[in-house]
Amino acid sequence: MTENTKLTDRQSRAKMRRLASGALALGLAAGLLTALTPASAQAAADTELTAGQGAGWTAKIRRTEYGVPHVLAQDFGGLGYGYGYAFAQDNLCELADQVVTLRGERSRWFGADGRSSDRTGNLDSDTYQRGLLQAGTVRRLMAEPAPLGPTGEARQLVDGYVAGYNRYLHDTGVDHLPDPSCRGKGWVGPITAEDIWSVLYNVNTMSGVAKTQFAEAVPGAGATAAQAATTTAPAAPAAPAGATAAQAPTVAPWSHSADDTPDTGSNAWAIGRDADRDGHGLLLANPHLQWTGPERFYQAQLTIPGVVDVAGAGLYGLPFIQIGHTKGLAWTHTTSYADHATLYRLSLVPGDPTAYLVDGKAERMTTETVKVTVRASDGTLSTVDRSLYRSRQGYVLADGWTGEQAYTLRDSNAGNLRSLNEWLAVSRSQNLDQLRQAQRTYQGNPWAYTTAVDSTGTAYFTDSSAVPHLPDAQLTRCLVPGPWSTGVLDGSTTACDPGSDPDALVPGIFGPANHPALTRTDYVANSNNGPYLTNADAPMAGLPTVYNAAQRIATRPQLGLRMIAERRAGTDGLGAPGFTLDTLRATMFGNRVQSAELDRDDAVALCRAHPALTASDGTPVDVRAACDVLAAWDTRADADSRGTVLWQAYRDALAGTRTMAWQTVPYDPARPLTTPRGIAADNADAQRAFADAVRRLAAAGLPVDAPIGAVQRWAGIPLHGCAGQLGCFNVLTAQPSSGAGGGTYPAAGAGVPHGSSFLMATELTQQGPRTRTLLAYGQSADPTSPHFTDQTRRYAAKQWVTERFTEAEIRSAPGLTVTTLHR
């Protein structure tokens with residue numbers, strides 16, 4: 001039970017005056033805040049909520065176990081007000097940092113040499129963001145009428161969210177914030193509605209121009225343009241024998257292969273009534289995103305009686321739920337591997353590197369100079385001028401710009417501020433028909449698949465994201481060589497511009513009638529594979545290449561489909577056939593590893609046959625102890641599994657071999673879930689890789705039988721799960737820099753913790769939803785908060801949290817606290 005406190009209207013205003021600076025006071029209205037303990041009358045809070053009508057926004061924040069806020073209001077302004085306040089209580093510093101980034105002020109506060117949370121260099125990040133602000137991109141989209149611009153409800157929600165955040169900051173004061181990461185910092189201050197709409201825009205363009213590599217390449221174009229007139233163009237890549245230059249690329253722009261795509265996505269299952277033991281609908285949401293920065297999720301329930309009642313989670317800084325459920329519908333998202341941004345090659349006018357030819361006529365790039373304030377190491381400030389260039393397709397990139405050609409990026413989400421409209425509409429939906437109508441009306445999903453199920457036990461999958469309208473015939477005609485492994489289109493002709501569908505809300509994208517979609521009563525599933533094997537019994541063939549129509553999938557989605565089949569058959573050791581809420585959760589945390597199930601025995605045969613191997617540098621290695629570890633391994637990624645670390649090191653080494661000659665069974669379309677597979681015991685590359693793996697662990701000071709939980713930790717807590725590239729369904733990687741007490745896991749790549757974040761298992765019954773959740777890193781990024789690792793410990797123990805959704809469930813929560821806000 002918390003201490004009972006109550007601030008009168010006069011006391012609250014006096015405290016505001018004491019804590020506020022002049023800047024903080026602007027635009028903030030005095031209000032009443034009441035924090036009540038469970039012993040305080042719940043009815044009093046209900047009375048206050050009703051009494052606030054007509055006098056401004058009112059919100060009630062009820063916190064249940066693990067700090068989950070249940071925000072109750074009478075309108076969308078009040079709902080945003082309560083949600084913004086609750087989020088600021090837990091994560092104000094995180095959103096303040098985002099705002100500094102999106103205002104293009106990182107170099108001013110942190111110097112030009114640092115990096116933003118998305119790993120873009122500060123100076124490049126500031127140049128790109130200040131260019132957007134200078135162009136008025138977000139302001140222009142905000143001014144559009146709905147459905148292209150925000151609906152009235154969305155505007156109210158954002159305005160309330162901003163006011164709630166600012167209210168908490170005003171009441172607390174910068175110098176008294178609980179999180180030491182921003183306490184007393186000059187870069188913390190009030191936010192505006194444009195800041196939050198900018199967060200939304202940045203999320204919408206994450207798969208395109210806001211992607212780190214492009215956000216860095218765009219600002220660098222200024223220096224490149226000055227050099228381009230005297231630069232000799234590099235030779236074009238050689239085309240395969242018998243192919244023309246235009247036919248040389250064999251992939252669509254910005255396409256993803258099944259084998260080399262970074263594991264940046266999620267798992268999503270919608271189990272229909274035919275696969276549910278009780279004939280209900282079940283949903284598993286398992287997004288895989290970073291554990292640090294703005295890609296974290298925040299869990300909440302948002303309710304306006306009779307209007308909306310949704311529970312789930314949303315990304316930091318977005319004022320609503322993106323993954324969740326209502327009484328009759330549950331949905332989740334996974335990263336779509338369709339193309340959302342397209343690279344074009346411009347043919348430059350001879351002697352003029354900032355003009356290009358389109359249909360034989362010259363067009364000039366637009367140029368804007370951006371001023372970025374930079375802080376030096378001694379604290380002094382200076383201004384740097386940088387230039388941005390745009391073509392008719394979008395920003396011009398620095399990479400590949402010569403005196404003859406340049407490359408530009410067309411982002412299908414460059415005009416998308418519609419996503420919040422769609423999420424609001426989805427969150428009011430009670431069935432799949434209403435979900436589909438929300439998607440058709442707003443077409444705001446930027447870059448994600450949608451997997452959903454309703455209370456009839458009908459499952460649904462679609463890619464309704466913004467995909468450029470580029471049919472295969474047009475791609476074949478327009479693809480040209482470029483300096484990227486991805487395809488590039490010919491920008492010298494309008495014949496290569498995206499077309500449009502008559503039902504598309506904006507030009508240049510496929511309309512809803514052409515979106516890949518599948519409705520089933522058994523299941524649909526996605527683990528960031530293309531749509532082809534959404535259901536193993538109903539392949540989706542004939543899709544345009546831009547939708548990632550490859551008819552094979554990587555190891556993690558292979559395992560997911562195998563797990564569904566085995567659960568339906570009852571052959572997975574979890575009891576009678578068919579899914580229940582309990583078996584769904586048990587399947588999620590089974591920590592199975594596809595590559596190990598297929599290839600571990602072959603690896604043991606190799607090291608049994610060759611107990612002494614030679615590493616790549618010629619060093620002899622005794623691998624007998626390592627061989628014994630793999631032979632005894634349970635092929636799981638549980639925290640105490642001994643062999644997972646060794647297996648990861650071996651698979652990393654195999655991935656670095658010159659060829660795939662070590663693989664014994666090639667991909668077979670007739671066996672899409674178990675091929676390719678096999679390791680040849682007599683293959684020299686496979687043998688060297690095993691020796692290299694053993695030496696790598698020794699160099700890291702790790703025994704060959706190190707359990708994964710001993711080297712993979714978050715704040716010292718052992719974690720189960722492993723890298724998706726292994727075919728680990730429960731993706732989680734924490735490396736040496738993964739927070740306090742981080743692991744020593746010898747995985748490749750940057751040390752950013754990544755993987756299972758917000759987990760939700762929901763069963764939609766006739767009596768209402770039954771839901772278990774788990775926010776693996778807790779509600780707060782503040783290391784001083786009690787909710788920093790409380791759910792991490794539950795994750796480590798594979799213990800889910802029972803969601804409180806109904807009024808009776810919320811009111812009966814032990815330790816319930818209630819805060820009522822008036823504005």
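Select Cys 607 and Cys 627 to begin: with 75 degrees about the S-S bond, their link is right-handed, and it is a disulfide, that is, a pair of cysteine sulfur atoms within 2.5 Å, with an S to S distance of 1.9 Å. The pair links distant parts of the chain, since Cys 607 is in helix 17 and Cys 627 in helix 18, 20 residues apart; helices here are DSSP runs of H or I with at least four residues, and strands are runs of E with at least two, numbered from the N terminus. Both Cys 607 and Cys 627 are buried, meaning under 20% relative accessible area with a 1.4 Å probe, protein chains only.

The model is predicted, with local features needing pLDDT of at least 70 and side-chain atom pairs pLDDT 80 or more, while totals for chains, interfaces and linings use all residues. Residues are numbered from 1 along each chain as its sequence is written, and side-chain values use heavy atoms, leaving out hydrogens and water.

Next, select helix 17, residues 594–609, and look at Arg 600, where a kink of about 50 degrees is centred; the bend is the angle between axes fitted to the seven residues ending at a residue and the seven starting there. Among the buried residues of this helix are Leu 598, Arg 600 and Leu 606, and their cover includes helix 15 (555–569) and helix 20 (684–699).

Then move to Cys 93 and Cys 182, whose torsion about the S-S bond is about -70 degrees, so this disulfide is left-handed. Cys 93 lies in helix 4 and Cys 182 in the loop between helix 8 and helix 9, so the pair ties together parts 89 residues apart in sequence.

Conventions
The expected span of a helix is 1.5 Å times one less than its number of residues. Buried means under 20% relative accessible area, exposed over 50%, partly exposed in between (1.4 Å probe, protein chains only). Contact means heavy atoms within 4.5 Å.
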